[in-house]
Amino acid sequence: MENIIAIIILVIVVGWAATYLYKAKKSGVKCVGCPAGGSCSSGPKKKRKKLSGPVIAKKTIVISGMNCAHCVQSVTDSLNEIDGVSAKVDLNKGCAQISLDREVSEDILINAVEKKGFLVEDVCN
């Protein structure tokens with residue numbers, strides 16, 4: 001009897017999940033489960049930020065928790081708001097390549113990523 005109840009509950013849960021995914025995709029959601037509510041930017045990518053001076057340093061920030069293009073854009077925008085920083089974030093590698101034209105502390109870079117809800121695992125020179 002308990003096996004039948006477990007199977008019924010499982011069928012209900014799977015049915016609900018399938019219905020949710022179907023409705024989400026039908027309504028145009030590109031990224032189900034993303035923090036943007038599925039509204040990842042599908043428009044043209046922003047141009048890479050140009051630095052005002054020559055690059056004096058490069059750093060790599062290893063980031064966990066990014067799942068979609070919205071996550072990448074969120075981290076990129078947050079890092080590029082910092083004066084002297086130009087960032088290129090790679091979802092597949094889970095990292096950000098940072099170019100600096102002035103001295104910027106690692107704490108500032110880490111805070112920019114973590115304020116968006118992601119975890120910085122390492123900062124490499």
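In which strand is the place of Lys 88? Lys 88 lies in strand E2, which covers residues 85–90, strands (E, at least two residues) and helices (H or I, at least four) being DSSP runs numbered from the N terminus. This is a predicted model, in which local features need pLDDT of at least 70 and side-chain atom pairs count only at pLDDT 80 or more, while totals for chains, interfaces and linings use all residues. Residues are numbered from 1 along each chain as its sequence is written, and side-chain values use heavy atoms, with hydrogens and water left out.

**Nonpolar core**

- The largest nonpolar core has 22 residues, of which Ile 61, Leu 79 and Ile 98 touch the most other members; such a core is a set of buried Ala, Val, Leu, Ile, Met, Phe, Trp, Tyr and Cys residues joined through side-chain atoms within 4.5 Å.
- At least two residues of this core come from each of strand E1 (57–64), helix H2 (69–80), E2, strand E3 (95–100), helix H3 (106–114) and strand E4 (119–124), and H2 gives the most, with four residues.

**Salt bridges**

- The structure holds three salt bridges, each defined as a side-chain nitrogen of Lys or Arg within 4 Å of a carboxyl oxygen of Asp or Glu.
- Lys 59 and Glu 106 meet through their side chains at 3.5 Å, N to O; Lys 59 lies in strand E1 and Glu 106 in helix H3, so the pair ties together parts that are 47 residues apart in sequence.
- Lys 59 counts as buried at 10% relative accessibility, whereas Glu 106 is partly exposed at 32% (buried means under 20% relative accessible area, exposed over 50%, and partly exposed in between, with a 1.4 Å probe and protein chains only).
- Lys 115 and Glu 81 form a salt bridge at 3.8 Å, N to O, which links the loop between H3 and E4 with the loop between H2 and E2, 34 residues apart.
- Asp 101 pairs with Arg 102, their closest N and O atoms being 3.0 Å apart; Asp 101 is buried at 12%, and Arg 102 is partly exposed at 36%.

**Positive surface patch**

- Arg 48, Lys 58, Lys 88 and Lys 93 form a positive surface patch; patches are made of residues with over 30% relative accessible area and no salt bridge, like charges being joined within 9 Å.
- Within this patch, Lys 88 is exposed, with a relative accessible area of 52%.

Technical notes: Patches are made of residues with over 30% relative accessible area and no salt bridge: like charges are joined within 9 Å, nonpolar side chains (Val, Leu, Ile, Met, Phe, Trp, Tyr) within 5 Å. Accessible areas come from the Shrake-Rupley method with a 1.4 Å probe; for residues, only the protein chains shown count as cover. Lys and Arg count as positive and Asp and Glu as negative; His and the chain ends are not counted. The place of a charge is taken as NZ of Lys, CZ of Arg, CG of Asp or CD of Glu.
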